[in-house]
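Please examine the fold shown below, with attention to its helices and to the charged side chains that pair between them.

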Amino acid sequence: MSTTADPLAALATLPGVPEAVESMRKAVDRVYGHRVMRRRSLEIASEAALRGARGSAALAGADWALEEVRRRTDFGADPEARPVGAALRLTAEAGQLLSIWRQSPLRVLARLHLVAAGGAAPDDTVGRPRLGGEPVTEPLVELPLPDATEVAGRLDGLAGLLLAGSSAPALVTAAVVHGELLALRPFGSDNGLVARTAERIVLIGSGLDPKAVCPAEVGHAELGRAAYLAALDGYVSGTPEGMAAWIAHCGRAVELGVRESTAVCEALQRGAA
């Protein structure tokens, strides 16, 4: 990452990033301009939350049909259902944490991990960054695991960047938060779910998606695990090309989330949903 006074803004100038930002903004503007959004935005947001949670859970290994997610009410009895329940809880919690995020991002991350765990863990590892020697369960991400000292330092650095503020577009900030949490895997479990929820919080809290109708999680799932991990490799490399590719990937995910919500708008307009 750049060492300039505003490293996030520096990332926004990398080749390909301004185009990704502009393409995403145009997509977001289109869905916000849809005539149905003016009177039924709460319904669209509710559907976007459900679909976003389904997408995040799919990347965590529970790729359920949307109607199954909609139908189920008990996610505790079946271990395979746990990521779905965790994703739903996290999506519901995200909107409640916006003001706290602006003051203490690390406190929000700890809260998100507690919510993801759902009180299931019997020990004190939930809701705090891992200590030296503590294991991490994150089957999707197989990158080398930073040690606890590096994790603590980089989390503090990330929080400092966020609290200092930046002129960078929301997409850049959201992508860095998402990528850094996946690279660090600071918690013993559920890091992917937490990272995607943190991305959601940044996009909503920045004002880019204030009504929470542009679920990037949908797009990440649609683009697929292989593309997700390949883009993450670019972020972890720290090269300008790799960082730009990760940011563009996150922008495309938002655009696909917008497409999903636009389809919901069209269905509502036809009276089919």
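Is Arg-154 buried, partly exposed or exposed? In this predicted model, Arg-154 counts as partly exposed because its relative accessibility is 27%. The side chain of Arg-154 forms a salt bridge with that of Glu-180, at 2.8 Å from N to O. This pair connects distant parts of the chain, with Glu-180 in helix α9 (residues 170–184) and Arg-154 in helix α8 (residues 148–164), 26 residues apart. Glu-180, at 8% relative accessibility, counts as buried.

A further salt bridge joins the side chains of Glu-217 and Arg-200, with an N to O distance of 2.9 Å. Because Glu-217 belongs to helix α11 (residues 216–223) and Arg-200 to helix α10 (residues 191–205), the pair ties together parts that are 17 residues apart in sequence. Glu-217 is buried, with a relative accessible area of 3%, and Arg-200 is buried at 8%. Salt bridges with shared partners also join Glu-47, Arg-51, Glu-67, Arg-70 and Glu-260 into one network.

Glu-134 and Arg-128 likewise meet through their side chains in a salt bridge of 2.7 Å, N to O. Arg-128 counts as buried, since its relative accessibility is 19%, and the cut-off for burial is under 20%. Across the whole structure, a search finds 17 salt bridges.

After α3 comes Gly-61, which has a positive phi near 105 degrees.

Notes. Residues numbered from 1 in each chain as written. Predicted model: local features only at pLDDT ≥ 70, side-chain atom pairs only at ≥ 80, totals over all residues. Heavy atoms only, no water. Helix = DSSP H or I, 4+ residues; strand = E, 2+ residues; numbered from the N terminus. Salt bridge = Lys/Arg side-chain N within 4 Å of Asp/Glu carboxyl O. Buried < 20%, exposed > 50% of the residue type's maximum accessible area, 1.4 Å probe, protein only.
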